[in-house]
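Me: I would like to learn how the features of a protein model are to be read. Please take me through the one shown below.

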Amino acid sequence: MSDLLFPWISPSPAPRAGWFELETFQPAFGLANPHAQTLWDAVRPDGRGVQFQRERIDTPDGDFLDMDIARVRGFDLGDDSPVVMLLHGLEGSARRPYALEAYRHLARQGIRAVGMNYRSCSGEMNRTARLYHAGETEDVAIAHDWLDRRFPGVPKGMIGVSLGGNVLLKYLGERREELGIRLRAAVAISPPFDLAMGSASADVGSARRYLPGFMRSLKAKVQAREALLDGQIDIPRTLAAQTMREFDEACTAPLFGFADADDYYARCSSRRFLAGVRTPTLVLRAEDDPLIPAADIPYDLIALNPALTSGITQRGGHVGWVEGRPFAHRRWAERQAARFLAACLFSVQ
C-alpha cells in the first residue's frame, strides 16, 4: 500500500551499462501500480503536435505495407538528419500514443522518425491472407530496404515496442552481419523474451484482463477475410479461441507454416536471438510488467552480450514508465530511447 501512496519510497534504480547511463525512473504520484502505468495511454492519450505523411510499399506477394513519416511541430529537421523506424505492438499502429511520444522525443534530439504499420494495422485491410506475428521479420526487411532508399546516406536506428520489441530483437539477431553497416542502433521497449511464457501468463491472473480486447480485434480481422483464409486455417476453431495459445494454435501457426503454437513460440522467441545481436541495443523492461512475467527476462544473456545495454527497472508496467507531477506527467522510456539513439546516431564511427 505504501508503494501506491508514496511511490518515492522505493524508486526504480538507474541501471548502468557500459558507456550509457539511464536516468532514474520514479513512478508518478498515484501511478506506482503497474496496471495504472500500463493503462495510462488509454486514459490520457496525447496526440499533440504530430502529423503524418503516409507512403505505401508494394510487397513482392501483391500486398502492401503503409509507412507513416512523422512530422513534429516546431522541428524542421533537414535531409541530413538521422532516421529511426518504429515497430508497434500487438494490434497497434504507427500512431499509437507511445509512438507519438517517441517521435516527439526523437525530434527533440534532432532525429526524424517513421512508423511501420504491420499488415492489417494501418486502418486499411491488406489484400492477402498473410497477417503478422511476433517473429515476422520478412516485412521488417522490406520496410528497412525502403527506409534505405527513401532516406539515403544518413544514420538509421529502430525502436520496437512490446510485440514489436520481440520482432526487432529477432531481426537484429538473424541478420547481425548485414545490419552492421545498415543500422547503427536500436531500442526494444517492453519486449517479451519467451513467447510461450508470455502466452501462458496472458491467459491467467490479472494479465487476463487485457486479453479480451486483443482477441476481439484479432477475430474481427479473421472474420473480415474469411474468404481469403478459408482452407488455410480452421476458422471456426479460431473464432472460438478463448486464449492466445488457442488462437495461435488455430490461426498463427498454420498460416505461417509452424507445426503448432509451441513450434511458433520456440522459433520466434527473442531470447534465442540475443546472443547474435551486434547492433548497439538498449533493452527496456519493467519487472512489474503485468502482461509479461519477470521470469522470462534473461538477465544472463543480456549481460553476456556487450552490444546490449540493460534497462531493466523494478517498476514501469507494460510500455508505461509514467513519471512526473500531476498534470505534468512525462514518459521515461521514450525519452531514454531517444537519448540512447541520439548518442549512437550522432557518434563518429
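**Reading the model**

Reply: Let us begin with charge. The protein has 42 positive and 43 negative charges, whose mean positions are 5 Å apart. Lys and Arg count as positive and Asp and Glu as negative, while His and the chain ends are not counted; each charge is placed at NZ of Lys, CZ of Arg, CG of Asp or CD of Glu.

Me: On what conventions do such values rest?

Reply: This is a predicted model, in which local features need pLDDT of at least 70 and side-chain atom pairs count only at pLDDT 80 or more, whereas totals for chains, interfaces and linings use all residues. Residues are numbered from 1 along each chain as its sequence is written, and side-chain values use heavy atoms, with hydrogens and water left out.

Me: What is the mean pLDDT of the protein, and over which residues does pLDDT stay under 50?

Reply: pLDDT is the predictor's confidence in each residue, from 0 to 100. The mean for the protein is 91, and 93% of its residues reach 70 or more. Over residues 1-17 pLDDT stays under 50; for this segment the model has 39 contacts beyond four places in sequence. A contact means heavy atoms within 4.5 Å.

Me: How are the secondary structure and the overall dimensions to be read?

Reply: Helices (H or I, at least four residues) and strands (E, at least two) are DSSP runs, numbered from the N terminus. Here there are 14 helices and 12 strands. The radius of gyration, taken over C-alpha atoms, is compared with a globule rule of 2.2 Å times the number of residues to the power 0.38. For the protein the radius is 19 Å, close to the 20 Å that the rule gives for 349 residues, so the protein is as compact as a globular protein of that length. Along the principal axes, the C-alpha atoms fill a box of roughly 55 × 50 × 40 Å. Of the contacts with a separation of 6 or more, 75% join residues 24 or more positions apart.

Me: What share of the 349 residues is buried?

Reply: Buried means under 20% relative accessible area, exposed over 50%, and partly exposed in between (1.4 Å probe, protein chains only). By this criterion, 59% of the 349 residues are buried. Gly257, which follows α11, has a positive phi near 80°.

Me: Which residues other than glycine have a positive phi?

Reply: Ser162 is one of them, with phi near 55°. Ser162 lies in the loop between β7 (156-161) and α5 (163-174) and counts as buried at 15% relative accessibility. Trp321, also not a glycine, has a positive phi of about 55°. Trp321 is in the loop between β10 (308-313) and β11, and its relative accessible area is 0%.

Me: Is Gly324 buried or partly exposed, and where is Gly324 found?

Reply: Gly324 is in strand β11 (residues 322-325) and is partly exposed, at 22% relative accessibility. Gly324 and Phe25 are 299 residues apart in sequence, yet 9.7 Å apart in space, C-alpha to C-alpha. Beyond four places in sequence, Gly324 is in contact with Ala28, Phe29, His329 and Arg330.

Me: Where is the place of His88?

Reply: His88 is in the loop between β5 (83-87) and α3 (97-108). The relative accessible area of His88 is 0%, so His88 is buried. Setting aside residues up to four places away in sequence, the residues that His88 touches include Tyr98, Met116, Cys121 and Leu163.
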